[in-house]
Amino acid sequence: MTERMIAIIGGSGLYEIDGLEQVEWVEVKTPWGKPSDAILTGTLQGLKLAFLPRHGRGHVLDPSSVPYRANIDALKRLGATDVISMSACGSFREEMAPGDFVIVDQFIDRTFARDKSFFGPGCVAHVSLAHPTCAALADSVAEAADKSGATVHRGGTYLAMEGPQFSTLAESNMYRDHWGADVIGMTNMPEAKLAREAELCYASVAMVTDYDCWHPDHDAVEVSDIVRTLTGNADKARRTITHLPALLGSGRAPCPHGCDRALDTAMITAPEKRDPAVLARLDAVAGRVL
Ligand SMILES: CSC[C@H]1O[C@H](OP(=O)(O)O)[C@H](O)[C@@H]1O
Ligand SMILES: Nc1ncnc2[nH]cnc12
C-alpha cells in the first residue's frame, strides 16, 4: 500500500474548498511553467488532499490558456495519486438536467490549440487512452456524489471543444445526434490525456449547468444562466468531497486498471537516443520509468 493523495481540479464556480486541516496554499514550480494558481493542500479526515482551481481564483484563465501540463506536473510533483475533475458542462440529453452530475467515462477531443503531451522529440511515448478514466476511482466518486444529494448519471461521453465561444446550433446537433456525445465542456481535454501520461488515476464529474443550444424549449446558453446553476452545483461538489475519505481511504493498492503503470508499455524511443534535456523535464511525470 502507498499513501493516497487526492487532487481535485475545480472548474468554473469551484475556486476553493473548506473543511481541510493543516491547510497551506503551495506555489509549485514545474518545467512546464506556472500552474493555474497556488495549490491548496491539507488533510480531510486523514486523507491527503490537494485542490487546484483550474481557471485560477477569480477565474482569470480561459479554457485555451489553462496550463494543463504545468497543472498535472505540479499535482504529481506534490505526490498526488488520483485526480478528480469537477467541471461545469452543457447537456445533450433531456434526462441529464441542469443540476445533475454526470460521471464521465469517455471523451471526444475537439480541442486544437493546446499542448497535449509531456512527450515529444527526444522522448516519444504512446499511452493507451481506450479507457480514459479510472473505473475504480469513478465508482467511489459516483458514490460520494450520490451521498451529496446530487442526481448522478453513471457514464457519459464528454465533448471537449476549444471555446471560448459556445457551439453553433449545427455543431450542437451534430455532437448530440451523430457523434453520441452526452455533455460538452472546454477543459477535460487534454487534462485527461496528461493525467494518463503522468500515471494518475483520473475521474471527471461533469456538473450540468445548461442544455447548450440544441433544446427547443430552452434558450441558447449564456454565462449568466450558467452562473446561477453553478452555485448549487458547487455546494454539491463540496459535499461530494467530504464523502471521499470514507470511500477511498488513505492507503492505496496498485490501480486495478493499471492507470499507475500506464508508461510500462508506452515508451518507444531507444534509451541511447533519448535527449537528456527532455528527460530532465519528465522527472516528476515519468521518473518511475526513466
Ligand atoms: C463558465 S462557462 C464555460 C466554462 O465552464 C467550464 O469550465 P470548467 O470545465 O473548468 O468547469 C467549461 O469547460 C468552460 O471552460
Ligand atoms: N454549453 C456549454 N458548452 C461548453 N462549455 C460549457 N460549460 C458549461 N456549459 C457549457
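These legends describe close-up views of a predicted model. Residues are numbered from 1 along each chain as its sequence is written, while chains are lettered from A and ligands numbered from 1 in the order in which they are written. Local features need pLDDT of at least 70, side-chain atom pairs count only at pLDDT 80 or more, and totals for chains, interfaces and linings use all residues.

**View 1. The annotated domain spans residues 6-236.** An unreviewed UniProt entry lists this stretch as "domain: Nucleoside phosphorylase". Such annotations may be inferred rather than shown by experiment. The stretch is 25% helix and 27% strand. Helices (H or I, at least four residues) and strands (E, at least two) are DSSP runs, numbered from the N terminus. The end C-alpha atoms of the stretch are 18 Å apart.

**View 2. Ligand 2 has 13 residues around it.** A residue is near if its C-beta atom, placed from the backbone, lies within 6 Å of the molecule. Ala88, Gly90, Ile184, Asp212 and Val221 come nearest. Strands E6 (82-91), E11 (183-185) and E12 (201-210) each give two or more residues. E6 provides the largest share, three residues.

**View 3. Helix H5 covers residues 223-248 and bends at Leu230.** The bend is about 35 degrees, taken as the angle between axes fitted to the seven residues ending there and the seven starting there.

**View 4. The buried residues of H5 pack against several elements.** Buried means 20 or more other C-beta atoms, placed from the backbone, within 10 Å of the residue's own. Leu230, Asn233 and Lys236 are among the buried residues. Their packing partners include strand E2 (5-10) and helix H2 (135-147), with contact meaning C-beta atoms, placed from the backbone, within 7 Å.

Key: A residue is buried if 20 or more other C-beta atoms lie within 10 Å of its own, exposed if 12 or fewer, and partly exposed in between; C-beta atoms are placed from the backbone. Two residues are in contact if their C-beta atoms, placed from the backbone, lie within 7 Å.
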